[in-house]
Amino acid sequence: MKNLRLLLLCLAACCFLMGSAETHYRPHISIGGRAGLSMASMSFSPSVKQTWNMGTAGAVTFRYTEEKLFGVIAELGWVQCGWKEKYEDLPFSYSRQTTYLTLPVLTHIYFGSRRFKTFVNLGPSVSLLLGNTISANFDYRNPQTVPDYPRNRQTEHLWADITGKFDYGICAGLGFEFYMAPRHSAVVEARFYYGLGNIFPSSKADTFGASRNMNLEITLGYNFRLK
C-alpha cells in the first residue's frame, strides 16, 4: 500500500505540473520512437549475488510540450529485465530474462537553445510480463545435486514461477535532444526504473520479502513534430 501511494503521488505531481502550464505558449505535439540497451538486476531481500543482465528496450512515443519549459510524454514499449547470478570463480552460469510491455507517463522538463536541449523525464510506469526465459549450465531445479555447487546460496528463486506479472514503479531519465530541422530531432536518453511490485510472493512465510525490478535503459530516439 505504501508503494502504491508513492506511485499515485508521483502521478499526481505530473498532473499538477501539466495543469499549471502557461497556456499562452503555443503547444507542440510530437511522435517518435526510441530503442537501445537495457541493463537489469533485481532488488532482492534477502540479497542475492548478481550482476547486470543485458537486454533491449524500446518504445513508440507521444509528446506534448509547451514552448516554455515542460510537457508530458506517454509511451508504449518493451523492456527486457531480469538478473544474472554472480558465481565469481566458480564454473556456473545462470541468467533469467523477463520481457515486459511498458506504459510510462512522464513529466518532461527541458531547457536549452532551439537546436540543442537538455531534459529530465520523471514519472510512473506500469508494465505487464509477456514472458521469461532461463539460461543455465547446470540443473538449476536441483542445485543440491550439482557437484561443487555452493551450499550457502539461496536457490529457490532459480526455479520459482513468477507470480507478480503486473509491475509498477518510478522512472527517472536524463538526456539530450538535437534538432536537425524545426520538425526533426534526435534524442539520447539514459533512464532508470525502480519497480515497486514483487515478482515472487512476499508474505512473512515466503523466502523473499522483496523481489523488485531495476533496470537502466540507454536509448537513441527520433521525434517528428506534428504541430
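User: Why is Tyr193 called buried?

Analyst: Tyr193 has a relative accessible area of 7%, and buried means under 20%, exposed over 50% and partly exposed in between, with a 1.4 Å probe and protein chains only. Tyr193 therefore counts as buried. This is a predicted model, in which local features need pLDDT of at least 70 and side-chain atom pairs count only at pLDDT 80 or more, while totals for chains, interfaces and linings use all residues. Residues are numbered from 1 along each chain as its sequence is written, and side-chain values use heavy atoms, with hydrogens and water left out.

User: Which residues does Tyr193 touch, not counting residues up to four places away in sequence?

Analyst: Tyr193 touches Ser125, Ser127, Asp167, Tyr168, Gly169, Ile170, Cys171, Asn213, Met214 and Asn215, where contact means heavy atoms within 4.5 Å. The place of Tyr193 is in strand 8; strands (E, at least two residues) and helices (H or I, at least four) are DSSP runs, numbered from the N terminus. The C-alpha atom of Tyr193 is separated by 8.7 Å from that of Gly173, 20 residues apart along the chain.

User: What makes the link between the side chains of Tyr193 and Asp167 a polar contact?

Analyst: The distance is 2.9 Å, and a polar contact is a pair of N or O atoms within 3.5 Å; within protein, one must be able to donate a hydrogen and the other to accept it, and residues adjacent in sequence count only if both atoms are side-chain atoms. The pair of Tyr193 and Asp167 is accordingly listed as a polar contact.

User: How do you know that Asn215 is buried?

Analyst: The relative accessible area of Asn215 is 1%, so Asn215 is classed as buried. Asn215 lies in strand 9, residues 210-225. Beyond four places in sequence, Asn215 touches Tyr193, together with Ser38, Met39, Ala40, Val79, Cys81, Arg191 and Phe192.

User: What makes Ser202 partly exposed?

Analyst: Ser202 stands at 36% relative accessibility, so it belongs to the partly exposed class. Ser202 lies in the loop between strand 8 (184-195) and strand 9. Its side chain makes a polar contact of 3.2 Å with the side chain of Asn198. Ser202 also touches Phe208 and Gly209, residues up to four places away in sequence being left out. A C-alpha separation of 9.6 Å relates Ser202 to Ser45, 157 residues away along the chain.

User: What is the geometry of the peptide bond from Ser45 to Pro46?

Analyst: That bond is cis, with omega near 5 degrees. Pro46 lies in the loop between strand 1 (27-45) and strand 2 (50-51).

User: Why are Glu88 and Asp148 called exposed?

Analyst: Glu88 reaches 59% relative accessibility and therefore counts as exposed; Asp148, with a relative accessible area of 68%, is exposed as well. Glu88 sits in the loop between strand 4 (70-85) and strand 5 (94-112), and Asp148 in the loop between strand 6 (116-136) and helix 2 (156-159). Neither is a glycine: Glu88 has a positive phi of about 55 degrees, and phi of Asp148 is near 70 degrees.

User: Which secondary structure elements does the protein chain have, and what share of its residues is buried?

Analyst: The chain has two helices and nine strands, in the order α-β-β-β-β-β-β-α-β-β-β. Of its 227 residues, 44% count as buried. Among contacts with a separation of 6 or more, 71% come from residues 24 or more positions apart.
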